[in-house]
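Here is a short tour to read with the model open beside you. Could you take a moment to look it over before we go through the helices together?

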Amino acid sequence: MPFHQKKSRADKATMVPTKKTLEGKPSSDATETTPLVPKIGLDGKDGGGGNGGNGSNGGLSVSQASLLIAGEMAGSGVLALPRALVRTGWVGVPLIILMCVLAAFNGKRLGDCWTILEERNPDLRTRKRNPYAIIAEHTMGKVWSVVVSMALIVTLFGASVVYLLLAAQIVEQIFLSLIPTLTVCTWYLIVAGAMTPLLFLGTPKDLSFTGVIAFGSTVIACVLYFIQMMNELRPFVFRFGIHGFADFFLSFGTIMFAFGAASTFPTIQNDMADKTKFGKSIYWSFASILLLYLPIAIGGYVVYGEAAAPNISGSLSATPLTLVANIFMVIHLVFAFIILINPVCQEMEELYKVPRDSVGWRMAVRLSIMAGILFIGESIPRFYTILALVGATSVALLTFILPSFCYLSLISQTPGEGQAPVQTSGWIKMVCYEIIAIGVVGGLLSTYAAMSAIFSTSQAMPCYLR
């Protein structure tokens, strides 16, 4: 065979997967030597996976993935943690730090799970719409894959409702003096309607700009909130200690919810230019989130004490500073909503086997999801105990239990022929077991506390019955 023909075949065997391969079905030519990540963009340039890449050609860069993760998490925690700290006392401060570290550790384990699966199964080295469910299927079986899919939908669907309700509450405060007749129920409809067009964006790589907007607006809002809190500083009115068993674990559920972004991690990692660098995105995003959470949580506890509202923006005085902060927080919530709901859309499209190029069916599925969000939000206009319940159940499962469990299961499996076993330090295994125990015990107790709170208090009448 002529030399140039041999070279041509060699080039063809090692070439980077095309866009069709990445976005469509797995290539039948995939082998153990198929690259785990595209190193070159579709136009032959750097795919953006490096530290300085923009990720526009080969997928999300490290910084873009970090912003998506941080932008998704920040809103609910900033607004809800001050009240959670009131219920836990100063014990809540190390608890917030601990849960942040554990969630970041588990996020890295979840990323490692996908990397291991790609190394063992070349057909997984393509874009997938349901990577978390795939991880569960390869580690625990088909039944757990369905459980993960349902838990993911419950978590993100519930969080999406919460985010839009928070946005509607803050919008009501902003326009209260101008349009006092519009209630939170009406504003919820308006906010949801405004968000519907952005629901049609495809995957996280189409949403990189939302991460920048969501996280940037949160930073500005937090700075302004903290300045306003310091302006209202008065003699200490907080109480020391813990309110009680139920209040403590109700707050524990809220704290878990504040760090419950793991349900979107595999989807974001799967759209990165270099998936092996997902751990860097995790560490940067959680460090940024903790720097935002602690000043607002501690400041709200010190300044307002027992008077701190479940939504801390409701405790601040109506000043121009608060007004600007509220505007930026609304911007964050609506864009974080888009990041949150995207995996739900992809999961439902996968469930109904909607082709990626079928615009009509994709629109139908996503409009039905928005209709469900509207119904739940209009049915349950009070959501604080629901937030804690979601944090104690599906978030505890997806963020604090399954990542470590799946990782331990994968590293204990016998690899295929020619594949090396995964070497893991003993301390990592020990931490994994401890996180699983914390997730199970804390989740069960927080679920009991949240259910007790839900059934011991009168629920608000649905908006459509008023």
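Among contacts (heavy atoms within 4.5 Å) between residues at least 6 apart in sequence, 84% join residues at least 24 apart. The protein has 15 helices and 0 strands, where helices (H or I, at least four residues) and strands (E, at least two) are DSSP runs numbered from the N terminus. Of its 466 residues, 58% count as buried; buried means under 20% relative accessible area, exposed over 50%, and partly exposed in between, with a 1.4 Å probe and protein chains only.

Please keep in mind that this is a predicted model: local features need pLDDT of at least 70, side-chain atom pairs count only at pLDDT 80 or more, and totals for chains, interfaces and linings use all residues. Residues are numbered from 1 along each chain as its sequence is written, and side-chain values use heavy atoms, with hydrogens and water left out.

**Helix pairs**

For these pairs, axes are lines fitted to C-alpha atoms, for helices over the stretch in contact, and angles run from 0 to 180 degrees between N-to-C directions. Angles under 35 degrees count as roughly parallel, over 145 as roughly antiparallel, 65 to 115 as roughly perpendicular and the rest as oblique. A crossing is left-handed if the near helix is turned anticlockwise from the far one by less than a right angle, and right-handed if clockwise.

- Helix H4 (residues 92-120) packs with helix H11 (residues 278-304) at about 165°, their axes being 10 Å apart. H4 is therefore roughly antiparallel to H11, and their crossing is right-handed.
- On the H4 side, the residues making this contact include Val-93, Ile-96, Cys-100 and Gly-107. On the H11 side, they include Phe-278, Tyr-283, Phe-286 and Leu-294.
- Helix H7 (residues 184-195) and helix H13 (residues 359-379) have axes that come within 10 Å and cross at roughly 165°. That angle makes H7 roughly antiparallel to H13, and H7 passes H13 in a right-handed crossing.
- In H7, Cys-185, Tyr-188, Leu-189, Ala-192 and Met-195 meet Met-370, Ile-373, Leu-374, Gly-377 and Glu-378 of H13.
- The axes of helix H9 (residues 245-258) and helix H15 (residues 426-456) come within 8 Å and cross at roughly 115°, and this crossing is left-handed.
- Among the H9 residues that meet H15 are Phe-245, Phe-249, Phe-252 and Met-256. Their partners in H15 include Gly-442, Gly-443, Ala-449 and Ala-453.

**Helix H12**

- How does the span of H12 agree with its length? At 1.5 Å a residue, the 32 residues of helix H12 (residues 320-351) should span 46 Å, and its end C-alpha atoms are 47 Å apart, which agrees. The expected span is 1.5 Å times one less than the number of residues.
- H12 bends by about 30° at Ile-341, and Pro-343 follows within four residues. The bend is the angle between axes fitted to the seven residues ending at a residue and the seven starting there.
- H12 is mostly covered, with 23 of its 32 residues buried. After H12 comes Lys-353, which has a positive phi near 55°.

**Helix H5**

- Because 8 of the 10 residues of helix H5 (residues 131-140) are buried, H5 is largely enclosed by the rest of the structure.
- The buried residues of H5 are Pro-131, Tyr-132, Ala-133, Ile-134, Ile-135, Ala-136, Thr-139 and Met-140. These pack against H4, H6, helix H10 (265-270), H12 and H14.
- Gly-141 follows H5 and has a positive phi near 110°.

- Ser-149 lies in helix H6 (residues 142-174) and is buried, with a relative accessible area of 13%. Not counting residues up to four places away in sequence, Ser-149 touches Ala-133 and Glu-347.
- Cys-222 sits in helix H8 (residues 208-231) and is buried at 5% relative accessible area. Leaving aside neighbours within four places in sequence, Cys-222 is in contact with Val-78, Leu-292 and Ile-296. Cys-222 and Leu-79 are 143 residues apart in sequence and 9.5 Å apart in space, C-alpha to C-alpha.
- Thr-385 belongs to helix H14 (residues 384-412). Beyond its neighbours within four places in sequence, Thr-385 is in contact with Ala-450, Ala-453 and Ile-454. The C-alpha atoms of Thr-385 and Ala-453 are separated by 6.7 Å, with the two residues 68 apart along the chain.
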